[in-house]
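Thanks for coming. I have one structure to go through today, and I will keep it short.

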Amino acid sequence: MPAGLDNLKHIVVLMMENRSFDHMLGALMKQYPKINGLTGNESNPDTNGAIVKVQPNAQFQSQLDPDPDHHFPGVDLQIFGTTQQGAGRVANMQGFVQDYFSQTNDLNRSHNIMYYFTPDKLPVLTTLATEFAVFNGWFSSIPGPTICNRAFAHYGTSFGQVGMDIFYVLDKIPSIYERMVQANPSQSAKIYYYDQQSSTMEIVNLLKNEPQIFATYDQFIADCKSGDLPEYSFIEPCYNDHAGADGGQILASDQHPDHNVQEGENFIANTFNAIRTNPDLWQSTAMLVVYDEHGGIYDHVVPPNCDPNFPDGHTATGDATGTGTPFAFDRLGIRVPAVLVSPWIPRGTVIPGTEDPAKGRIFEHASIPATVTQFFLGNFDNRTAREKNAQTFLNILTDNMRPDDDCVVFN
Amino acid sequence: MPPKVVKVPKTDPKAFNPNRPAGKLLLAQTQHLREGLIRHLHEVSTVLAMDIRSLKTEGDVSDYVRKVTSILHPYGTRRAGRKVAS
C-alpha cells in the first residue's frame, strides 16, 4: 500500500452545484494538453442554424438567468440534439443552445450556455486542478438535476429517482453515513451544512432521525483546527443569500447559477485552508472537490454508458423521465469538474477519461460511497452492484509526500 | 522556503441579493423540509398520545424517557449495556 494511503485518516468531499467541466476547467487544456478541455472550436447550432462556438466570456454572475434547464428531458435534448426518442439517435452534445433558447426566447442570450471561464478568473479551482489531480472523466450519475445526483454521492443510487423527489426514505440501502456510524459510532462521519438558513439538501438523513451526523460549517472549521475531524466529512456550501446573525451579508457559495462564482471560489479556498493549515490533518487527509451536475451548461464529452454487468437495479418510467421513454440508469450524466487534493499527489496529475480508451477511468458520484466504504469499512454487501463496481479514487495517492513549501496556500 | 501563496479575489459586495427569486432547487428544499417536519410532528404526537399513567416498570419509564429525550435533545446517544457472562 502506498505511504499516502497508510497515512490517510480522513476523506473530505466538498460538493458544489451545477457547473460543467468545460465551463470551469476546459480552458486549462491550452496550457496543460493532457486535460481534456476545449480547443476553442467546439460548437452548437442555435435555433437559426448558425454555428455558436465556445467563448471565454463566462462571468461570475448575471449571465445564466434564467437558470439553465438541467432536468431529465432538457439534458436529454442537450446530449442528443433532438427531442425525438427511439433507436438510431446519436449522442452528440449539440442541443445546449437549442435548449437554453427554449427558456430565454432570446437568440443572443441562448449563446451564453457556451461560455467558459479562463483560468485567471478561477484561481482556486484551477490551481487545485493543476497543483494536485484533476479527473478528465468524472460524470454526474444521472442526466438530471441536483437531488437524484446527490443521492448517488450519499447512497450509491437514487433508488430509481431521476428528479427532485426524496421520498425514498424507507429504502433499505443505508447511506454512507449510516454505514460509517454503525461501524464506529463516535466521530466517523458528518455532513457539514453551511448554517441553519442554508441547511442541507440531504434531508433524507434528517428524516431518518440521525441528527448526530449533521453539523454546521463553523464546526467543520473548528474540527479542522482541533484535529477532531471525523473519518469522512461531506461539506455543503451555502445555498442562498441571507443576512447573518450580526446582520451582515452571507452570500450563496454553491456556484449554482445565478449565484456568484467568485464566492464559491472563496468557499473552496476556505475549506482547503482549514485542512492545509493543520499540519497533521494536511498529511492525513484527501479532499475531493466535485460538482453535483453540469447545470445545463455546455460540455463537449459524450457521457458514456454504464457497465450492464453491474446495474443500478432500477428503471424510471417514461412519465418519470418526462420524455416518454423509460430510463434504466444505463447512461451517465454530463461531465463535471472533479479535483482530488492531498500532499501525496504529484503536481499536475491528470486522471484520463473517455479520451483514452486504453487507460481511461470513468468516475461518477457512486465512486464517493464506493471509495469511503472500501477504505474505512472494507467489504460491505448491502449496496448496489453499480456502487460495488464504481471506480475508487484513493489509488491516486502515492508513496511520496510533497514538502510543505511545495504545496500552495490561499490568501 | 514558505509555500506559494495564491491570492483569492474577494466577492463584489454588490453581489448580495436576498431578493433574488428562489430557484427550483431552493423551492424543492423547502418542500422536503416541510415533509420532514410533518414526519417529525407525527413522531411527537405519537409520543404525546402515550398515557404516562400506564407506565409501570422502570423499563416502561426508560423507554418513554428515551423517546421524549430523543425529541428534545436529539444529539443524545444510547450507551451499550454491560454484557453478562454466560
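This is a predicted model: local features need pLDDT of at least 70, side-chain atom pairs count only at pLDDT 80 or more; totals for chains, interfaces and linings use all residues.

First, the contact between the chains. On one side there are 38 residues of chain A, and they are in contact with 29 residues of chain B. Which elements of chain A give two or more residues to that side? They are helices H6 (123-131), H7 (146-155), H9 (203-207) and H11 (261-276), together with strands S8 (242-243) and S13 (409-410). H11(A) supplies the largest share, five residues. Sorted by class, the side of chain A that touches chain B holds 19 nonpolar, 13 polar and six charged residues.

Two bridges join S13(A) to strand S1 of chain B, residues 5-6, and the two strands run parallel. Within that pairing, A:Val409 stands opposite B:Val5.

Now to the helices, both in chain A. Helix H8, residues 176-183, packs with helix H14, residues 367-377, at an angle of about 10°. Their axes are 10 Å apart. Angles under 35 degrees count as roughly parallel, so H8(A) is roughly parallel to H14(A).

Which residues make this contact? From H8(A) they are A:Ile176, A:Arg179, A:Met180 and A:Ala183. H14(A) contributes A:Pro369, A:Val372, A:Thr373, A:Phe376 and A:Leu377. By class, the residues of this helix contact are seven nonpolar, one polar and one charged.

That is what I have for today.

Key: Residues are numbered from 1 along each chain as its sequence is written. Chains are lettered from A and ligands numbered from 1 in the order in which they are written. Two residues are in contact if their C-beta atoms, placed from the backbone, lie within 7 Å. Helices (H or I, at least four residues) and strands (E, at least two) are DSSP runs, numbered from the N terminus. Ala, Val, Leu, Ile, Met, Phe, Trp, Tyr, Cys and Pro count as nonpolar, Asp, Glu, Lys and Arg as charged, and the others, Gly among them, as polar. Two strands pair if DSSP finds at least two bridges between them. Axes are lines fitted to C-alpha atoms, for helices over the stretch in contact, and angles run from 0 to 180 degrees between N-to-C directions. Angles under 35 degrees count as roughly parallel, over 145 as roughly antiparallel, 65 to 115 as roughly perpendicular and the rest as oblique.
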